[in-house]
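Here is a brief report for a reader who is new to this structure. Please look over the sequence and the model before reading on.

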Amino acid sequence: MLNRRTLLAASAAVLSAPRVACAQPATPGVTATEIKIGGIMPYSGPASAYGVIGRLEQVYFRVLNEAGGIAGRKINFISLDDGYSPPKTVEQARRLIEQERVAFLFNTLGTPTNSAIVRYVNQRKVPHLFLSTGADKWGNPQENPWTIGWQPSYRTEAQIYAKHLLAQKPDARIAVLYQNDDFGKDYLAGTRDILGDRFERQVKTVSHEVTDATIDSQIVSLQSSGADAMLTATTPKFAAQTIRKMHDIGWKPPAHYLTNVSISVAAVMQPAGPEKGVGIITSGYLKDPTDSVWRDDPGMTEWRGFMQRHMPDADHTDGNYPFSYGVSKTMEHVLRQCGNDFSRENIMKQATSLQNLEIPTLLPGIRVNTSATNYHPIRQMQLQRWTGSTWERFGEVLEGARV
Amino acid sequence: MEGLPHQIVAGIATGGIYASVALALVMIYQATHHVNFAQGEMATFSTYIALTLIQAGLPYWVAFVVTVAVSFVIGVVVERVLLRPMHDAPVLAHVGIFIGLLLVISNLSGWIFDYTVKAFPTPFDTGAPMLGGLVSGHELGSTAVTLAVLTLVYLFFRHTSLGLAMRAAAYNPVSARLVGIRVGWMLALGWGLAAAIGAVAGIMVAPVVFLEPNMMLGILLYAFAGALLGGIDNPAGAVAGGFAVGIIENIGGAYLVGTELKLTLALAIIIAVLLFKPSGLFGRVVVSRV
Amino acid sequence: MAAEDAVPVEVVAAPARPDAPTDSLAWLAVPAMVLLAMAPAFLVESFRLFQLTSVVIYAVAILGLNIVTGYNGQISLGHGAFYAVGAYTTAILMASFGLPYWATLPVSAAVCGALGWGIGFPALRLGGLYLALTTFALAVAVPQVLKHDALETWTGGVQGVFIAKPDAPFGLPLSADQWMYLFTVAIAAAIFVLARNLLRSRIGRAMMAIRDQPTAAEAMGMDLAALKTRTFALSATITGVAGALSAVAVEFVSPDSFSVNLSITLFVGMIVGGVASIFGAVFGGLFVVFVPNLAEDIAGAAPGVLYGAILILFVFVLPTGFAGLLRRVAASARRTTATNDATPGR
């Protein structure tokens, strides 16, 4: 073994010397004519419904290039598939950064998948911009200065619900059903932010796993807690089950808050039975493409024009498209704001100095704001209530707590 | 503990799901001495067929019968095409085929029918839920269907010569062949029946848990625990075991180990049964032939 | 039992007659192969090196699975569980207890060995398919146990654990990726040599005897129970070490990284690489790292369909995997030469 190691050391010294000495270019992926951007999306596998987000982004950058690109440069957007599997995400991120040498990553999708690469991209100091996930941890400049989310975090959302509830009933007791993962636990954190030390006394929490067949048992446990309000923080299949079961057992707490991850009419409200969810409160930050209120809205007209011209065959009722359009628009704005300096430092600096940016697909009054200490670009949401056929917005645009 | 009776009732309702899938598992074991890992995925695929037919405008029960028939044919074809040539191959080759089938079918379901959650209709009146809403009309109806299937299976195996021949083919292929039973076709028939029962299970389960390509993954493991608990060679035992697992899961999850370890509880049941009573609570003790 | 079940292991690495000269040749071949395996560290760029590191790690994991399933006939669909436990043990020891990465490997090996023994014990009672389904359940359950609140202080719950990739020691002029690759290859080489020696020993033959003729093996005085549990433990140990190496290479562990798909991946790698073949594990590693990317390019939205179809195809057409194919090609080549040399004309 000793011989082998000596041999190894000797050969290593000889062979690796030139590679180590190799100097870094100015910014990887940026030339006089091109900016290379990497994206990772679940184009296949169980989360493949989100793949449309990546498809719109590809079209968006193509259209942008046809209109002249950014600062005389064409965008080369390389969007790879990870099938929503974290080990695969690691491989794709390294492929993009080390082999394709992209300037930065944009809108990589998923909480477990981004968790697997966040440390790596921050060590490499590669901007990791506007992630497609609402986990709160993407807004942590101290720990991950190169990673920034986009949509309101789940934690912010839970804070908004808790504030809304306590405003009506300060001593309300809350029942929380959460999926036992990063996503579900953010709702516990947000509720705890608002209730503080009253959390233990006023909140009853029950978790479920994605392998559970039903959540009947959990609902029974929560019902027996006699709570005044229910907060359902789970994915569509279990959300639909929850709405139906609560209705069936006749448990109708005065308030029922539902995560905006699970507000799809087709995948949650219709399967559950639209009449069973009347009165459920959730929150939104995007304009709903099926809502007739936006028929003459300039922002949505712009979006519809884009879809009709460039993606005529897509499902124009799918809320992922306005999302993708909004986040792409933000990205374009950041790149334009970079001027002619596309160093990674400047890209990150510009991404974190957005002021009151208006995005056509965001609800009126909601603006994108970032700073060196604020890595939560969208912090506002508006509550909406299920009427039995649609989500109806009510009240002001609300903001989460600053914690 | 105030909710204990409710937890038990809810457990029975969920147990009904496990029971119907456990029955399909036992069925294929009876007919082929195999446990098919792709059983759940095949059932899910059948359920998608049923949904497609219903959406195309077929009446529910017509779609039901057509789906069961189509699933039967799919089961027979799978056996003839994939298993038959491998009949003499080691068990490992079979497991390889099962896993391959699982990958192909579950990805195919997602690819064709996409991964969004879909509602599935029920033929049973869902107007007024019973027992404080813990049991819906559908859950009652589907339990009745499970029991009806169980009765049919029992009658078929006990009182028809075809059923007897199938049992013989699975139990002792060599002797069965000697008395003139076409063992190969009996196995194919067994696969067809198991696929048909799986389709029934899928159609009964989908209205409760909602239809998506991975609908059966978790259920299959609980159902397997139920089948083992009741005795893998005893259809009635498997149904009882399925209900028992539903109740144990709920009580354990709510009061003992917490909801995070429900699946671990099912694993513990599997291991405990295999360690202490491998034949299950109602199964026959099988002496392995050498 | 069909012919392909009883794969003669001897022909995997050495020529047909293991007499003295060929044997020493085979021993020369080992260091030569190790050198060959190390070469990429200095030839390819960091991303490819990372992929190759993954290949080696998967190869070790598949070797572990192959020992219990291929050589001993106990079918496991849950080796992802041991991989996960090995990865977590290393990550926790590094993050919470400050141990250096190399010092965690023996601990991970021991923990996984003990767990494997614990699982192998009830597994004794289980015939082929039961064991497969039970281990399958294990693979689904383990990530849920790992994120349980009771362990959260160490496992980080759903968030997982971050660790830092080690730099090259002794001031070697190597990048972290190069060092990790070389370190992985060294550990893998040691494990492969040990496994090869073990499988060719009395114990290895006993393991295969139990697989092929359990009754006869017992009649000859073999302690089936002890051998089977120990084989399971050994197998879990090896796969656990692979998991430990993966934690260091990826610098992160989380429950979502070890889904049931991992266990299926290892199983597919074993079948495709070659059941009961030591070098088949290397082909298996290559397959599971590189083929999914190809499958994506070919099958687009449904790479899983193609992946499953390939698996079925292998069971049918190449039940002995890549390793078996190479063996057959080599054997027929040898036959042709032998025929030409010995009996010119017929």
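## Domains and sheets of chain A

Chain A is divided into two parts: domain 1 covers 34-152 + 296-372, and domain 2 covers 154-284 + 383-399. The model is a predicted one. The C-alpha centres of domain 1 and domain 2 of chain A lie 29 Å apart. Contact between them involves 10 residues of domain 1 of chain A and 10 residues of domain 2 of chain A. On the side of domain 1 of chain A that touches domain 2 of chain A, 5 residues are nonpolar, 4 are polar and 1 is charged.

Next, the chain as a whole. Chain A holds 13 helices and 12 strands. Its C-alpha atoms fill a box of roughly 75 × 65 × 35 Å, taken along the principal axes. How does the radius of gyration of chain A agree with that of a compact globule? For 403 residues, such a globule would have a radius of gyration near 22 Å, and chain A has 23 Å, which agrees. Of the 403 residues in chain A, 55% are buried. Among contacts in chain A with a separation of 6 or more, 68% join residues 24 or more positions apart.

| Item | Value |
|---|---|
| Box along the principal axes, chain A | roughly 75 × 65 × 35 Å |
| Radius of gyration, chain A | 23 Å |
| Distance between C-alpha centres, domain 1 and domain 2 of chain A | 29 Å |
| C-alpha distance, A:S343 to A:D288 | 36 Å |

Now the open sheet. Chain A has an open sheet of 5 strands, in the order 2-1-3-4-5, with parallel pairing. Its edges are strand 2 (74-81) and strand 5 (147-148) of chain A, and each of these pairs on one side only. Inside the sheet, strand 1 (residues 34-41) and strand 3 (residues 104-106) of chain A pair in the parallel sense over 2 bridges. A:I37 has A:F104 of strand 3 of chain A as its bridge partner. Helix 2 (residues 51-66) of chain A packs on this sheet and touches strand 1 and strand 2 of chain A. The direction of helix 2 makes about 165 degrees with that of strand 2 of chain A.

A further strand pair is antiparallel: strand 10 of chain A is joined by 4 bridges to strand 11 (residues 380-386) of chain A. One bridge partner pair is A:G284 with A:Q382 of strand 11 of chain A. In a regular strand, side chains alternate between the two faces of the sheet. In strand 10 (residues 281-284) of chain A, A:I281 and A:S283 point one way, while A:T282 and A:G284 point the other way. All of these residues are buried.

Is A:S343 buried or partly exposed? A:S343 counts as partly exposed, because it has 13 C-beta neighbours inside 10 Å. It sits in the loop between helix 12 (320-337) and helix 13 (344-351) of chain A. A:S343 and A:D288 are 55 residues apart in sequence, and their C-alpha atoms are 36 Å apart in space.

Finally, the contact between the chains. It takes 37 residues from chain B and 29 residues from chain A. Helix 1 (4-32), helix 8 (183-209), helix 9 (216-230), helix 10 (235-256) and helix 11 (262-276) of chain B each supply at least two residues to the side that touches chain A. Helix 1 of chain B gives the most, with 7 residues. That side of chain B divides into 16 nonpolar, 15 polar and 6 charged residues.

Key. Residues numbered from 1 in each chain as written. Chains lettered and ligands numbered in written order. Predicted model: local features only at pLDDT ≥ 70, side-chain atom pairs only at ≥ 80, totals over all residues. Contact = placed C-beta atoms within 7 Å. Nonpolar A, V, L, I, M, F, W, Y, C, P; charged D, E, K, R; others polar. Buried ≥ 20, exposed ≤ 12 C-beta atoms within 10 Å, placed from the backbone. Pairing = 2+ DSSP bridges. Rg over C-alpha atoms; globule rule 2.2 N^0.38 Å. Axes fitted to C-alpha atoms, helices over the stretch in contact; angles between N-to-C directions. Domains from an automatic or database assignment.
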